[in-house]
Amino acid sequence: VLFGNAVTGFILFTGKAPDYFVNPSFRIKALLLLIGLSFQTLVVPAIARRETPGQPSLLGKLTGAASMAIWIGVVAAARWIAYR
């Protein structure tokens with residue numbers, strides 16, 4: 001799924017790259033996407049190793065909430081690209 005999204009996203013981007021690049025919503029999406037990918041590969045696994053299965057700590061819950069907020073931001077920014 002991730003590979004398919006990356007390929008189709010790249011194809012869609014290349015079709016109108018100059019228009020997308022100056023779109024503030026696209027820039028926000030790209031920034032949030034980089035933050036989200038970094039967060040998922042660096043922070044989430046480190047926190048998950050510290051957790052007890054079935055008993056998430058406050059830090060674990062905050063990490064989950066932060067992750068959800070980032071990805072909701074990516075989706076919201078993506079939806080706004082068409083309106084800018």
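**Figure 1. Confidence across the predicted model.** This is a predicted model. The mean pLDDT of the protein is 93. A value of 70 or more is reached by 100% of its residues. Among the elements, helix 4 has the highest mean pLDDT, at 96. Helix 1 has the lowest, at 89.

**Figure 2. The largest pocket and the residues at its centre.** The largest pocket holds about 630 Å³ of space. Its lining counts 19 residues. Nearest the centre lie Asn-5, Gly-9, Phe-10, Lys-29 and Leu-33.

**Figure 3. Helices around the largest pocket.** Helix 1 supplies the largest share, with 8 residues. Helix 1 is also the element with the lowest mean pLDDT, 89.

Figure 4. Of the residues lining the largest pocket, 15 are nonpolar. Another 3 are polar.

**Figure 5. Asn-23 in the loop between helix 2 and helix 3.** The loop that holds Asn-23 runs between helix 2 (17-21) and helix 3 (24-50). Asn-23 has a relative accessible area of 6%. The cut-off for buried is under 20%, so Asn-23 counts as buried. Leaving out residues up to four places away in sequence, Asn-23 touches Ile-81 and Arg-84.

Conventions
Residues are numbered from 1 along each chain as its sequence is written. This is a predicted model: local features need pLDDT of at least 70, side-chain atom pairs count only at pLDDT 80 or more; totals for chains, interfaces and linings use all residues. Side-chain values use heavy atoms; hydrogens and water are left out. Helices (H or I, at least four residues) and strands (E, at least two) are DSSP runs, numbered from the N terminus. Buried means under 20% relative accessible area, exposed over 50%, partly exposed in between (1.4 Å probe, protein chains only). Contact means heavy atoms within 4.5 Å. On a 1 Å grid over the protein atoms alone, a cavity is a set of points where a 1.4 Å probe fits but cannot get out, and a pocket is an open set with protein on both sides within 12 Å along at least five of seven lines; lining residues have an atom within 4 Å of a point. Grid points are joined across faces, edges and corners, and a volume is the space filled by probe spheres set on the points. Ala, Val, Leu, Ile, Met, Phe, Trp, Tyr, Cys and Pro count as nonpolar, Asp, Glu, Lys and Arg as charged, and the others, Gly among them, as polar. pLDDT is the predictor's confidence in each residue, from 0 to 100.
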